[in-house]
Amino acid sequence: MITFATISFLGLPLLAILLLNVVSKKTGGAISISVGYVVAIIQMIAAVVCMALLWMHGKDFIEFSLFWDMNATLGAAKLSVDLFSLVVLFCIGMVSLASLLTAKKTIGEKTLNYTNLLMVIMLGMNGIAVVTDLFSLYVFLEITGIASFVLIALLNDKRGLEGAFKYLVMSAIASALILGSFALIFTQTGSLVYGDVAKALADWRNAQYAPLLIVGFVMFIAGFSIKAGIAPFHGWLPDAYQSAPASVSVLLGGIVTKMAGVYALIRVLNSVFVAMPMINNTLLILGLISIVFGAVAACGQKDFKRILAYSSISQIGYIILGVASGSLLGFVGAMLHFFNHATFKTTLFVNSAAVEMQTGTTDIDQLGGLQARMPVTAVSSILAFLSMAGIPPLAGFWSKLLIIIAVWQSVSAVGGGIALAASIFTAAYFLILQRKVFFGPLEDHLTEVTEAKGTISLAAVLLSIVTVAFGVLFPVILNFLHLQGIL
Amino acid sequence: MEGQGIIFVCIFVPLIGAFLLPIVGRVMPRLRNILALLFVITAFVTAVIALPQALSGTPILWQMKLPLGFTMGFFADGLAVFMAMTSSLVASIIVFYSFGYIEHYPNQNEYYMMVVLFIGSMMGLVYSTNLLLIYLFWEISAICCWRLIGFYRGKDIVLRADKAFLMTVGGALLMLIGFISVYMQTGTFNLLEMQGNTITTAAMVLILFGILSKSATLPLHTWLPDAGVAPSPVTSLLHAAVLVKIGVYVFARLFLVNFQLDPVWDTVVPVIAGVSALVSAGAAMVETDIKRIIAYSTISQLGFIFLGLSCGTMVGAAGGLLYILMHSLAKGGLFLCAGIVEHSTHTKDINKMGGLAKRLPITAVAFALCAFSVMGIPPFGGFFAKYMVIYGAATSASPWLAVMFIIGAVMTIIYLLRVFIKVFFGELTHPDIKEGSWEMVSSVAILGVLSLLGGIFINLPSYVTTFIIESLLNL
Amino acid sequence: MISGLSSLITSGNGAGLIWIMIVIPVILAFLALIIPKTAYSGRATVLVLATVINFIAAIAIFCTKETTMLMPWAGFEMNLAFRIYSFSGFTVLLIAVFALLVAIYSIAFMRNRNGSGQFFFYFLLTVALANGAVLANNFVVMLFFWEGLLVTLFGFLLINQHSKPKTAVKALIISGIADLLLMLGIAFTVFQTGSLSMDAISGLSVSGMGLFGYLCLMLGALGKAGAMPFHSWIPDAAQDAPLPFMPFLPGSLEKFLGIYLMVRVSYEFYQLVPASGMSIAVMIIGAVTILLAGAMALIQKDMKRLLAYQEISQVGFIVLGVGTALPVGLIGAVFHMLNHATYKSCLFMTAGSVEYRTGTTDMSKLGGLMKVMPVTGICFVIASLAICGVPGFSGFFSKELIFDAALETNWIFYAIAVFGVFLIAASFLKMGQAVFFGKVKAPNVSMLKEAPPAMQLPVVILAIGCIVFGVCNFIPLHLIQPIFGSIIGNHDFSGWPHSATLVIISCVILLIAVLNHIYGYKKTGAALSAVDHIHYAPVLHSIYNGAEKRYTDPYSWLMVVVKIYSYICFGIDRAINWFYDVLLVKIVSFVSSRLRMANNGSPSRYMVWSFSGIAFIIMLFIALM
Amino acid sequence: MNIVSAIILTAALLMIIAGMFCLVRTYNLIRIIIAIEIAMKAITLLLVFAGAVNGNMALSQTFVITMIVIEVIVAVVAAGIAISLYHKNGNVDIRELTNLKG
């Protein structure tokens, strides 16, 4: 059971890729989406099962291996899942499912390509979630990255290509920086497994190449900041999000940049750079800048997806803030916010996909009063946005609260205060978007618009339910975490 | 325990029931209306049932232990039950009024849902023992307020709704920072566990921001007059019965009951309240939009409530509570009357109205009754509240505050008379209008009569408020 | 009911009486409102019944020994407490008498007029509230009834003025301010003693907090009595309200209440020291009122307005008397209050009778009415003699007492008061001659006849009162003096004034007034313009002009102040709104548009940002290390 | 630090700077790809240097080889996008790529 569950994270996407490339192109398009559904759903189930197993056995993590013998010495990439990676894996499944649900109506004849690439990107992300050494991390990062470039450019339109190229260039720089930092760190450690690196770095100040290590740290932060889209490294992010096809935006905004940037950063930070206040504090400041910058910039945007992109920058700031606080509470907050962000941001991108599909545009100046015509989309967007703005009892509030308490407690009250007060800008762009798209009088040329039927609405509804349920049942979750000894 | 059941019914019937209404509304609009009324009345009835126990000295308490000091619970002491009763009573009448007012507009499902949710959040807020819960319900009410103000969906109207939302949420965020600062100091969000703590000035200021923004006190008040674009029952709900009272209630709950304050706040808060009362009273004199005038009057009267609650004397505090009740009844009535006038004449400009007393006699009388109550003229209920507040101020550490509020009271008389005379007397401008529907007219009549009875049978409400204040302050 | 009443009276159950005095008028008031217009006699019956019951109960109360009653009410010592004692019993009796007389008069007057139901309704409510205010033994209870009169006042003034309710607004605002000051005064007073019970407060000193308390209480009482600067609604009301309102509220009831409180405040709650600053201040208010209102009365061309100004002027005398803080002033003031109510009600009623028959009170349209309305005319003359203070009539005796007191404090006050008498006499000579003597002149001469008996009855009774209270002044004075036994000792003020000099001076002044009138009459040939030589005197002319345009009306100034203040506040409010609506929005949109422009779509720009970000990180590292 | 490491590090630094400068200053898509490759080669050098310093040459070599493979894929994808853009725009000037901004 446990083996199956763990192996399915990497094995299933691989298997699906094989399967999809065996079938002919004609039939492939039809079944590929269904295959995707199966993979995504199984991944979600597997994540939940693993969580249950962790809980039942009272373990912190489960180690496993894909092809090699677990106990082989050389080159044996050990994989491991703990609660955080399982939450993340669940999110990957969830967002992939949402992306697939959206894709069914929007992607057209490229369905097979799309599903193939989706499987690749899932493989990459799952890999990021389960690896335990920097080398494998890099490999899966690149897999994720390459798949997402192609996905953005999937429809081969001008905008998509442009966005993909910008993403590619920035991502390559990020890779160079990350890899450079790994190389510099490698000078000191001689191993790339998280635990070994952490041990070797514990005494880094006395190392032979200490200055090089500092350069490595800088490169590390900068590299992952580009990947995560933290201000001021964010330039590519709105362009990529805006230009991608609707279902790919769902994927990118919901999970990909979070995996490639934020999760990897958190993972490395937590397992490698243990107790380095310098890095934590830097990230804290970057997180604060991101929060304020993203939110203020979002207020002036004219495009639905760009608003969401900038809000991602802002929300990533919160996650970074939680981790940077260095305390367990902050980490849990970040984890929960990661999950919540995946939920509400995916909802919003699904909504933007619905609006784009039904009206043909995402320019908010050309929209208005859609609530009368698209009630499901409107209501789910309100819920998602309120969750994002940290309005209780929705999910976003609780994770934000934990993060801010953690920052307040362990670093500075001012930081926490600023982070919280910046939510007002979140509320501001939420209102601008709602007013221009959903609330307000119905524009004349939109009177014929109907609700996006079928899978898109289904995705929005399901995700909204998750957001609301998580928020309302948060006391239960909190109690559970407490009983598990995590809090 | 039976008592806890009562609180749960009181909170969750409207809170959860609200979400049923749109579903019911798709099938049977009439049933939806009745259900909405029923939910609100349930809240009122349960609050009344809870009153004896709240006054008995062993209030109902329900708690759920949570880690990190997040322990949540509901607690029905006299103050909470009093607020619940006041707001649900007025809200019931307002919902009843809506039957007539709102029936020709689209989005009724959302309207009833939001109204009932609004009441539910108020119920939840007053019983909460946890700062987070207070914040939670506080924000729910802000959301409802946002949807309700934007009910007519016009571009301008939605902008105003956004403004109200932004200002109250902005204040609330600052308040949350204050809450967290208190949490850092005490290690818990549970009010019952942090009773009697002295809180820092910074936290006090931050929390005050939230309270002032919600209760529309200078300088965070400007959303309230702008919210007059909402349907009249909504403005009534916002300005009179529920929304602005949330801030006042939290002020009473936190600073009257729970925290020790530096004595300097006994002067600072009344001064803020006084400036607010005076400036808004002046603005009310200049405005020509009937709803904006009454809205400014609300801001002005809230100053009196704050004065009563913050001046540091028992009489003042009891007067403040009494003021909440009387103001809810009377101001609710005024807004509903304004709604009838607006509905009949299709204008809100008082310069374009006149002599309506001939055509809307019951409305005119109800308006007069409510206006006299707000002015604080006996035998209407507002008199006692105003007297107690001013007496409380005059006997506090800084008696000169009372002078400020006497000027405010004079201004109240002047501007309310101005509206009353301009609208209901003078040359008849709209000869062919008639009274609103029977639901609307009877609602305002009830509120007018309640304002009067509240003064004549003052011993009932006054007994409750006196008891509450004495038991709270002698803890 | 009557039997129940009599048993109450015999048993001397004060508490029951108090309820009768308050509750029964209220119930009957609603009855009068409900009875349809067609059943006018029903309404009238209710009114008479109520006032008669009230009268009987008042007699009973007057005869009752000191009684207190206390019921819990609004908490915090705000008990429903009443107290019957000599002064309150006396005042209640006065209220009842005048209410009864005016009721009889108004039944005849209001027949066939609009709004009689409302009028009776407010009438009875006013009686109930006034009774409550006088009998109250708790400040809040007193304030409750006292301020409640605002509602009925407003109602009275609205009855005929649906299209132009300016006077109602003015009256409510002015009285409202006075009542709020009273509220403040009560708060300050109670602050010193800690008790709301009125009989628990005595002899506070007028200093410090007490000064404010006393001042506010006095202003509240002055406002009710209609002294300057709270007077200006009364002349307007005289023109706008149904006529019986004038003898009822401003003519009698409000004076009783105001002076009742003034006396209690100055002699009971506070210890007003003779010739102290506050005493002088109150006297100045009185003197100014006498002078200005008298001067205004002089030039009026309308009976009702003239009477109204005269009435204000009379209040000045009373205030002057109270303000001396001397026993003789006190007795003079209370006696004057009674006399004033008598003759002023009588005068208003005669004016009402004139209006009833001729349809106007404009003196330029009237003349020689003595021939057609002899009873009314004679009563008018008697009351005029009383108000002018002609020796032998009631006004003379009370005025002499006040003169005594004023002279004792400072001769200036005496001089002003005496000059006031001149103004009064001059204006009454003018009005009397213009309206009742000379050629018969009226808009409808042919249909003129004496007023109906029901209107004559109270007029005659009051006229007789003017004579009786003068000739047999021991009757009222022996009622009044025991009330203030503790203050005045065993002194008896009845009988002829003790200072012959003052009497002679008064007589001389009256003579001068007559000469002045004759001079003016000879000069212009018309009674109405007999004072034109004063009206159009060089300097006075422009002052009068201004006054006629209400430049001297404190209310106009108040409204100007309110308006300026309101615009300032509105400006502040708009500025705050501008901050949120414009400035904040502009700042945020400016910043975000800059950020938009910064993101120009060029990858090299993004890279430059990234490199600057790296530089920033390095700086942070350096700073953090 | 010996002279060899100093030379290697300086070389790597120069290559990185060259790559980055090229990235910022050039407008040709193909040149940008080349610039990325230059920078990546510097990183490769660093990895080799690291292996030499800590003695774990095997891991270093594995890493370098894997990296080269990935680099190729990235370069291929980038070139593919560049070619597509050339088909759409008729040139490979990055200044044409400003549809997305704001």
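**View 1. Domains of chain C in the predicted model.** Chain C is split into domain 1 (1-174 + 227-250), domain 2 (272-534) and domain 3 (555-624), with bounds from an automatic or database domain assignment. Taken over C-alpha atoms, the centres of domain 1 and domain 2 of chain C lie 26 Å apart. This is a predicted model: local features need pLDDT of at least 70, side-chain atom pairs count only at pLDDT 80 or more, and totals for chains, interfaces and linings use all residues. Residues are numbered from 1 along each chain as its sequence is written, chains are lettered from A and ligands numbered from 1 in the order in which they are written, and side-chain values use heavy atoms, with hydrogens and water left out.

**View 2. Where domain 1 of chain C meets domain 2 of chain C.** Contact (heavy atoms within 4.5 Å) links 25 residues of domain 1 to 39 residues of domain 2. The two domains of chain C bury about 2,800 Å², 79% of it from carbon and sulfur atoms. Buried area is the accessible area (1.4 Å probe) that two parts lose on being put together, summed over both. The rule finds one salt bridge across this interface, a salt bridge being a side-chain nitrogen of Lys or Arg within 4 Å of a carboxyl oxygen of Asp or Glu. D236(C) pairs with R305(C) in a salt bridge, their closest N and O atoms 3.3 Å apart. On the domain 1 side, helix 4 (86-110), helix 9 (233-240) and helix 10 (245-269) of chain C each give two or more residues. Helix 4 of chain C gives the most, with 11 residues. Helices are DSSP runs (H or I, at least four residues), numbered from the N terminus.

**View 3. The interface of chain B and chain C.** Here 58 residues of chain B are in contact with 46 residues of chain C. About 4,500 Å² is buried between the two chains, 80% of it on carbon and sulfur atoms.

**View 4. The salt bridge between chain B and chain C.** The rule finds one salt bridge across this interface. K163(B) and D581(C) form a salt bridge, with 3.0 Å between the closest N and O atoms. Among the elements giving two or more residues to the chain B side are helix 6 (155-186) and helix 11 (265-286) of chain B. Helix 16 of chain B gives the most, with 11 residues.
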